[in-house]
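Subject: Structure handover

Hello,

Here is the structure for you to look at. Please open it first, then read my notes below.

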Amino acid sequence: MVLHRQREPLTLEQVPDPKPKAGERLIEVEACAVCRTDQHVVDAELSEPKLPLILGHQIVGRDAATGERVGVPWLGWTDGTCRYCMSGRENLCDRARFTGYTIDGGYAERCVADARYCIPIPDSYSAEEAAPLLCAGLIGFRALRMAGDARRIGFYGFGSSAQILAQVATAEGREVFAFTRDGDTTGQDFARSMGAVWAGASSQAPPQPLDAAIIFAPAGPLVVTALRNVVKGGTVVCAGIHMSDIPGFSYDLLWGERAIRSVANLTRQDGAEFFERARGMRIVTQRKTYTLEAANEAISALRNGELVGTAVLRI
Ligand SMILES: [Zn+2]
Ligand SMILES: [Zn+2]
């Protein structure tokens, strides 16, 4: 499924098989989960995709040469030499390349990936179960760590990432408070079924103040809402790659050593640590499966807030 121009649908095409270069794997794709970032690329909210482009950075498949099962995440390549790479922060690499954005991704039967950035997938997960872990899970996990040791944590937007993180956070002994669009009682029921101790509308105050909050929805006003609901010293973590403008707010809301921060991309270390965690517990995801040809429908469902859980393309 190829994106030729932003703001236009993907088109189903027969393209030549990608050829792996030295150090790359050729992968037979089994499943690829749909990420909010994919929608931002189609909608031109992210400005620099390669074009034409094959989207998709939550890929699970088999190495065509060895049969080994591997996952391909968002971080596809880094230079290894810039100030960020040299200080353990390859997620911030100035020259990083990203799967399904500046490298062709997994909305396809085959893809190639630099072997150094691939992730072994635990046998206890099927391809469709593992695919959402590759971005929603592991970049979400990075966001959860940025929330520090917060015991009561608010999730604004309860989709693919939040359903995974609710289980990880609950297993760590934290309490999850889920906020959805006003009137989205289905989403609130879903959040409670995934372990949230409380679920309500984002315009509501939580029953207790939060120690930290993670913003998954791409709506800037939620940053201000979340700041109102966190205690002194609490952090508001913005987990998405794109967000609408954050409105002005009184300094009082930030005062008291509250902090706002973003989370960008992932390191290979994040991948190793998250999948270690995923191996040690059973992360369950609610998914809606689509065929590869139906990728546009999956993206529309995500855009329109019609999905409960994660959309996964079965290739
Ligand atoms: Zn670098
Ligand atoms: Zn993603």
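The notes below go from the whole protein down to single residues.

First, the ground rules. This is a predicted model, in which local features need pLDDT of at least 70 and side-chain atom pairs count only at pLDDT 80 or more, while totals for chains, interfaces and linings use all residues. Residues are numbered from 1 along each chain as its sequence is written, and chains are lettered from A and ligands numbered from 1 in the order in which they are written.

**Overall build**

The protein has eight helices and 17 strands. These are DSSP runs, numbered from the N terminus: helices are H or I with at least four residues, strands are E with at least two. The C-alpha trace spans about 55 × 40 × 40 Å along its principal axes.

Buried residues make up 48% of the 315. A residue is buried if 20 or more other C-beta atoms lie within 10 Å of its own, exposed if 12 or fewer, and partly exposed in between; C-beta atoms are placed from the backbone. Residues 24 or more positions apart account for 69% of them. Two residues are in contact if their C-beta atoms, placed from the backbone, lie within 7 Å.

**Two domains**

The domain assignment gives domain 1 (2–134 + 266–314) and domain 2 (138–262). Such bounds come from an automatic or database assignment. The C-alpha centres of the two domains lie 25 Å apart. Across the boundary, 23 residues of domain 1 are in contact with 19 residues of domain 2. On the domain 1 side, α7 gives the most, with four residues.

Helix α7 (residues 268–280) also packs against helix α3 (residues 138–146), at an angle of about 95° and with the axes 9 Å apart. Axes are lines fitted to C-alpha atoms, for helices over the stretch in contact, and angles run from 0 to 180 degrees between N-to-C directions. That makes α3 roughly perpendicular to α7 (the class covers 65 to 115 degrees). Leu-138, Phe-141 and Arg-142 of α3 meet Asp-270, Gly-271 and Phe-274 of α7.

**The core**

The largest nonpolar core has 97 residues. Such a core is a set of buried Ala, Val, Leu, Ile, Met, Phe, Trp, Tyr and Cys residues joined through C-beta atoms within 7 Å. Helix α4 (residues 160–171) gives the most to this core, with six residues. Ile-215 is among the residues with the most contacts inside it. Leaving aside neighbours within four places in sequence, Ile-215 is in contact with residues including Tyr-156, Leu-222 and Val-237.

Leu-210 is in strand β13 (residues 210–215). It counts as buried, with 24 C-beta neighbours inside 10 Å. Beyond four places in sequence, its contacts include Ile-153, Phe-177 and Val-231.

Ala-31 is in strand β2 (residues 24–33). It counts as buried, with 25 C-beta neighbours inside 10 Å. Not counting residues up to four places away in sequence, Ala-31 touches Val-60, Ala-127 and Leu-313, among others.

Best wishes

Conventions. Parallel < 35°, antiparallel > 145°, perpendicular 65-115°, else oblique.
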